[in-house]
Amino acid sequence: MKKNFGAYLVFVICAIVFTPGAFNAQQNKPWEKIPVPRLHAFNPHQPQRIELKNGIVIFLQEDHELPFVSGSVTIPGGARDEDPAKAGLVGLYGQAWRTSGAKLNGDALDDLLEAKAAHIETGGDVDSTAVSWDSLKGDSDQVLSLALDLLFHPNFSAEKLELAQQQAATGIVRRNDDEAEIAGRESAKLVYGPNSPYTRQPELATIGAVTVDDLKAWHDQTIGGKLIVSISGDFDPAAMEAKLRAAFEPLPAVKITPSRHDDFAGPKPGVFFIDKEDVNQSNVEIVGLGTDRRNPDVPALAVMNEILGGSFASRLFQKIRTEKGLAYAVGGGYGYAWDHPGEFRVMVLTKSASTVEATNAALAEIDGLTNRPFTDEELARAKDNILNSFLFRYDTREKVLAERVRLEFYGYPADYLETYRAALEKVTVPDLNAVAKKYIHPGKLAILVVGNGPEIKPSLEELKLGPAQKVDVTIPMPKQAAEQKQ
Amino acid sequence: MQSTRFPWIWKGVWALMLAALMLTGAHAQDLKSFEQRITTKVLPNGLTLIICERPEAPVFSYSTFVDAGDVNDPSGESGLAHMFEHLAFKGTSEIGTTDYSAEKIALEKVEAANNAYEAEYLKAVGRDEKKLAELKQKFIDAQTEAHKYVIPNQFTDVAERNGAEGLNAETGLDETKYFWSMPENRLELWAWLESGRLADVAPREFYKERDVVNEERRMSVDSNPIGRLVEQFVATAYVAHNYGRSHIGWPSEVQQITATEAMEFHKKYYVGSNIVIAVVGDVKASEALPVLERYFSKIPAGPKPEEMTTVEPKQFAEKTVAIREQTQPFYIEGYHRPDYHSPDDAVFDAIQDILSNGRVSRLYRSLVRDQQIAAEAAGFSPFPGEKYPSLFAFYAVPLPGHTPAQMRDAIHKEIEKLKTADVSDEELAMFKTRTRADLLRGLANNQGLANDLAEYQTRYGDWRELFLQLDKVDKVSKADIRRVTNEIFVSSNRTEAWIETEPAAAGKTAQQGGGAQ
């Protein structure tokens, strides 16, 4: 029930725009007279990287502040790689896996861990699965050995798969209850296509088709990939290295996962609509295809995002929230993912009656990227915002470790953050105007509105972008499930 | 108050204080040093500053904790504390304006225009629609005039350009919190910004911001099935105390809150004695305190606002709320419980932990694992606030094909077990171990630690209570759990609320719709 002011800035970094005229008047700026001393010297503590002969990589990050040890093993391969007829498999795998140790069954494992205030979790993501754990230092050997048991000797049970299927089914039948969930999901489908590996959704039929053998096959197929092991906390590095070598060195040479070659056509332009009768606010999503981080234009795009929708004083926030009072939640930017195109996404949540006005205001800001040239002031502000808060990306040893694991996983150089920062510093106004021209194509965007049809007046036709095409979000009910539901 | 931080630490501090136990090993030394790293100072205006030195990286986090929230909103003005919180991002007489003396006059005209409009609008008899339209236009014109002096978002602009991270605020029923993190070399700049907005906030752009807050309500309550259910649930559970009011505010009341009312709220509640500020990070108390003292001394002194007199009367009738709509079923129930000063506060924590914490919890094992009727089930407390007598609530999310009534019956069965049989030694030990470990885990986070220090200082008058709480946790017995369960979890003290799914009307499905004709 806590209310967050500005909690819905979408790309939370920061960017500020002075409105024209701000400098016309003589403003005494007392804050500029406050000294800003040199920042205390800081060398983020890098983890030790150990590459085994078989290609498995281990990171050890010591941190002796508190008596805990945590770790994880990341395995390449995730939901995007699963059989479309069994969509949801990786999610089910992630849930059922943790209860399938050979040494202890799931319930006994829970009893043991909870008594020690320790945790072992497994999970499945779009491109990877992982087992992770944490415990007090004194229990860390035992918890590590239980986690490794899950990794090397899983014993999937029908009972725990069924439990995971029930939970997944609950999520599926509830997925149209929350307007924001519908908007996020359906707009991504507009961008990538409904059957894309990035957006296909689990259905009752596809999760029902998953068997214990499927989970085993998935595990066997992925466990030979390039594992990344990371440990942080209060441990002795030599002893930990020895333990991990003993566990991982006997494994065969890793099989490098071939990279994917997916087609990304981007959305069909136009207006799309989903009616929801129990709401009084529209979720408007304006979406298109983004890029990936290897693109050398990403630093300039990041600065552009700052100016468009990154913070309290971004163009979107200033215009739609502060000046017009049309929304609490507004933001967006041109997205970039690590190894595939992200999404361009601008979202605004506004009362039904102002749907058209707010959509037009957001579209005007998107157009403005190409027809309202960026100013030196905007550039300076965006850079200040990004660069002065940059150290929050590595201000804890845990963050440094997580970043290194990420870079290793996606095959980026270990000094990526430094080179990225240096590239941000070099971004110029002509760079901004150039990337806006290159990547922002309002005519290629799709507009999705989820809202209360009869309340939306003026209607979406007033956008003058063609008829609003209805999106069917009916949840397919397999015969058996439908009967059970009655 | 649910305290779940700092277990071993507490052990350490307690042992040192009593000089009864000798803790050995490196961590015990760290724990000892932890208390030595905290400096507390009460300024002449009554404001309390807490500095905790944690030089892990050249950054700091702060938390400003104002002991006033929406529970303090006057009658007819629900949502006022939250509206003021939004105003506190709009700048001061020194920032966010091109000419404050001229802006001030223009803002006074906005208030006069709003008052004239509201007076006509609220006329029960003889409201003149033409005059109303004119007055509305005058009100809009006055805002346009005042806006000429505004530099929008300059306050947040300066903070963000100087590296502010996680800049935000939260208005609870009990308190209002402001917070962010920054590079350590901006400490003085932060002190200027924060002390300025606490002492000298300007009532600018208020009415546009009111529209923003109305959108916030639509998002979090009106257009969200669980938001709607919870608002009705709490409103039904309470008959007298302000905890029963809409947290974000009833729409008609929010729509009529004025800048003048927000400034009155500020004058009454934003006084030194009602504010605690905690700073955690790469900060040296010896150097920082004199600087902070200089800035934060400008916050007005004033009497600690009087506590409210309303006490929720004892419930004697079981109450229910049923929402029938085309969303999936959900169940929630609550029982009145005492406030955090109750000697049984930790007993409630124990009940919550044993029923709800993780996959070994009774509700998970019963409703989720064994009966397979729910996707989730848990109890939580205190709710919706903690400063005043609140609720111990339970909720469950039914699996497809299962009903709220099944959730209710299954929860009641677990509650009955607690009443009639002792919890096991293992369950009680697990609660105590996990509480300790969770508290300790929280120590490694500047922002979390700043929030906790400020909160405990406010609620108990001493941040050390953060650690001393563990003593109460250790003393919880099986008999306490049975006694409290039998006292509190009775039907006459209960409010139940649920959503049941109403089938779509014939010929119309939830996905079909009028759309944008």
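This report describes a predicted model with chains A and B.

## Conventions and confidence

Residues are numbered from 1 along each chain as its sequence is written, while chains are lettered from A and ligands numbered from 1 in the order in which they are written. Because the model is predicted, local features need pLDDT of at least 70 and side-chain atom pairs count only at pLDDT 80 or more, whereas totals for chains, interfaces and linings use all residues.

The pLDDT is the predictor's confidence in each residue, from 0 to 100. Chain A averages 92, and 93% of its residues score at least 70. Residues 1-25 of chain A fall below 50. This stretch still has 78 contacts in the model beyond near neighbours in sequence. A contact means that two C-beta atoms, placed from the backbone, lie within 7 Å. Where pLDDT is low, the predicted coordinates should not be read in detail.

## The sheet of chain A

Helices (H or I, at least four residues) and strands (E, at least two) are DSSP runs, numbered from the N terminus. Seven strands of chain A form an open sheet in the order 10-11-12-9-13-8-14, with mixed pairing. Two strands pair if DSSP finds at least two bridges between them. Strand 10 (291-292) and strand 14 (469-470) are the edge strands, and each pairs on one side only.

Strand 9 of chain A covers residues 281-289. Nine bridges join strand 9 to strand 12 (residues 341-351), and the two run antiparallel. In this pairing, S282(A) is bridged to T350(A) and V284(A) to V348(A). Strand 9 also runs antiparallel to strand 13 (residues 446-451), joined by five bridges. There, V287(A) has A446(A) as its bridge partner.

A residue is buried if 20 or more other C-beta atoms lie within 10 Å of its own, exposed if 12 or fewer, and partly exposed in between; C-beta atoms are placed from the backbone. Nine of the nine residues of strand 9 are buried, so the strand is largely enclosed by the rest of the structure.

## The build of chain B

Chain B has 19 helices and eleven strands. Its radius of gyration is 25 Å, close to the 24 Å that the globule rule gives for 517 residues, so chain B is as compact as a globular protein of that length. The radius is taken over C-alpha atoms, and the rule is 2.2 Å times the number of residues to the power 0.38. Along the principal axes, the C-alpha atoms fill a box of roughly 70 × 70 × 40 Å. Buried residues make up 54% of the chain.

D452(B) lies in helix 17 (residues 446-460) of chain B. It counts as buried because it has 24 C-beta neighbours inside 10 Å.

## Nonpolar cores

A nonpolar core is a set of buried Ala, Val, Leu, Ile, Met, Phe, Trp, Tyr and Cys residues joined through C-beta atoms within 7 Å. The largest has 252 residues, and M304(A) and A278(B) have the most contacts inside it. Beyond its neighbours within four places in sequence, A278(B) touches residues including I50(B), Y62(B) and L453(B). A second, separate core of eleven residues includes V110(B) and I151(B).

## Where the chains meet

In the model, 89 residues of chain A are in contact with 85 residues of chain B. Helix 4 (158-173) and strand 12 of chain A are among the elements giving two or more residues to this side of chain A. Helix 4 gives the largest share, six residues.

The residues on this side of chain A divide into 41 nonpolar, 24 polar and 24 charged. Ala, Val, Leu, Ile, Met, Phe, Trp, Tyr, Cys and Pro count as nonpolar, Asp, Glu, Lys and Arg as charged, and the others, Gly among them, as polar.
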